[in-house]
Amino acid sequence: MEEKHIKYYSHHLDRDVDMLVYGSWGYPILLFPTTLGRYYQAKDMGLIESVRALVDSGKYKIYCVDSIDSESWYAKHLNPQYRVLNHVQYDKFLNNELVPYIRNECNVGKIGVAGCSFGGFHAANFAFKHPDQVAYLVSMSGAFDIRSFTDGFYDDTVYFNNPIDFMPNEQGWRYGHMKIVLGTSEWDICLDSNIKMSGILSANGIDHWLDIRGWEKHDWPLWNKMFPDYLSRIL
């Protein structure tokens with residue numbers, strides 16, 4: 001499996017952002033790491049190996065992007081307002097710089113986004129905010145309420161990065177083109193969060209697949225089974 005390390009300079013973040021890219025061609029999937037994870041986490045934890053056959057066959061090209069969680073949602077040393085504003089800059093980097101770059105490189109109109117745990121939040125938040133950029137969303141054990149990270153601070157910036165708040169007010173037709181997978185399990189600490197998000201999507205007429213698996217925990221063995229299964233079905 002071809003692996004390439006890229007340092008992508010972001011004007012919004014004013015720095016290089018590290019990425020690992022897997023595959024020479026194929027439909028692009030932007031993969032977010034879990035809590036405070038780095039761009040190499042998916043490789044280290046076996047998630048990339050789990051989809052080797054799909055990458056080697058040229059069906060998918062996987063872009064593993066770095067996070068800035070330590071400067072945004074998990075930056076407890078910062079005032080909550082600045083945590084959110086730092087995430088806004090990360091979102092601008094994704095929306096205005098990285099995703100257009102990936103779309104151009106792969107010659108597609110829209111991309112897929114995916115992630116496990118907090119990476120599932122990142123994937124869902126980006127997809128729900130920018131449906132014009134995303135055709136496929138795979139969230140595995142994601143949670144969708146960010147308010148526990150803002151210490152009581154709340155404004156429009158928090159609202160528009162909190163899917164559990166803004167999605168009930170979205171127009172369902174905007175997501176009619178998108179294939180959405182919410183993966184969870186009976187023992188998943190995020191089970192209730194996925195059931196609630198599924199209810200919101202259903203109320204808005206947004207088609208999706210809520211996949212509740214058997215008795216497995218919120219951890220990599222579950223996600224390493226889910227990821228190849230979902231990618232083999234959605235495209």
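Which side chain makes a polar contact with the side chain of Asp-151?

1. **Asp-151.** The partner is the side chain of Arg-83, at 2.9 Å. This is a predicted model, and the distance comes from its coordinates. Asp-151 sits in the loop between E6 and H6. Leaving out residues up to four places away in sequence, Asp-151 touches Lys-76, Pro-80 and Arg-83.

2. **Salt bridges, overall.** The count comes to 17 salt bridges.

3. **Glu-3 and Lys-43.** These side chains meet in a salt bridge, with N to O at 3.1 Å. Glu-3 belongs to strand E1 (residues 3-10) and Lys-43 to helix H1 (residues 41-44), so the bridge ties together parts that are 40 residues apart in sequence. Glu-3 is partly exposed, at 38% relative accessibility. Lys-43 is also partly exposed, at 42%.

4. **Asp-56 and Arg-52.** Here the closest N and O atoms of the salt bridge are 3.8 Å apart. The cut-off is 4 Å, so the pair counts as a salt bridge. Both residues lie in helix H3 (residues 52-56). They are 4 residues apart, about one turn of the helix. Asp-56 is partly exposed, with a relative accessible area of 43%. Arg-52 is partly exposed too, with 32%.

5. **Asp-165 and Arg-147.** This salt bridge also has its closest N and O atoms 3.8 Å apart. The pair links distant parts of the chain, 18 residues apart. Asp-165 is in helix H7 (residues 163-166). Arg-147 is in the loop between strand E6 (134-140) and helix H6 (156-159). Is Asp-165 buried or exposed? Asp-165 is buried, with a relative accessible area of 15%. Arg-147 is partly exposed, at 37%.

6. **A network.** Four residues are linked through salt bridges: Asp-211, Arg-213, Asp-229 and Arg-233.

7. **Main nonpolar core.** In soluble globular proteins, nonpolar side chains tend to be buried together. In this model the largest nonpolar core has 71 residues. Which of its residues touch the most other members? They are Leu-30, Ile-62, Val-113 and Phe-128. Helix H9 (residues 220-234) gives the most to this core, with 8 residues.

8. **Phe-128 in detail.** Residues up to four places away in sequence are again not counted. Phe-128 then touches Leu-137, Pro-163, Phe-166, Met-167, Tyr-175, Ile-180, Met-197 and Leu-201.

9. **Second core.** A separate core of 7 residues is also present. Among its members are Trp-73, Val-84, Phe-149 and Val-158.

10. **Cysteines.** How many disulfides does a search of the whole structure find? It finds 0. Cys-64 is in no disulfide, and the nearest cysteine sulfur, that of Cys-116, is 10 Å away. From the side of Cys-116, the closest cysteine sulfur is the one in Cys-64, and 10 Å is too far for a bond. The cut-off for a disulfide is 2.5 Å between sulfur atoms. Cys-64 is buried, with a relative accessible area of 3%. Cys-116 is buried as well, at 2% relative accessibility.

Terms used
Residues are numbered from 1 along each chain as its sequence is written. This is a predicted model: local features need pLDDT of at least 70, side-chain atom pairs count only at pLDDT 80 or more; totals for chains, interfaces and linings use all residues. Side-chain values use heavy atoms; hydrogens and water are left out. Helices (H or I, at least four residues) and strands (E, at least two) are DSSP runs, numbered from the N terminus. Buried means under 20% relative accessible area, exposed over 50%, partly exposed in between (1.4 Å probe, protein chains only). A nonpolar core is a set of buried Ala, Val, Leu, Ile, Met, Phe, Trp, Tyr and Cys residues joined through side-chain atoms within 4.5 Å. Contact means heavy atoms within 4.5 Å. A polar contact is a pair of N or O atoms within 3.5 Å; within protein, one must be able to donate a hydrogen and the other to accept it, and residues adjacent in sequence count only if both atoms are side-chain atoms.
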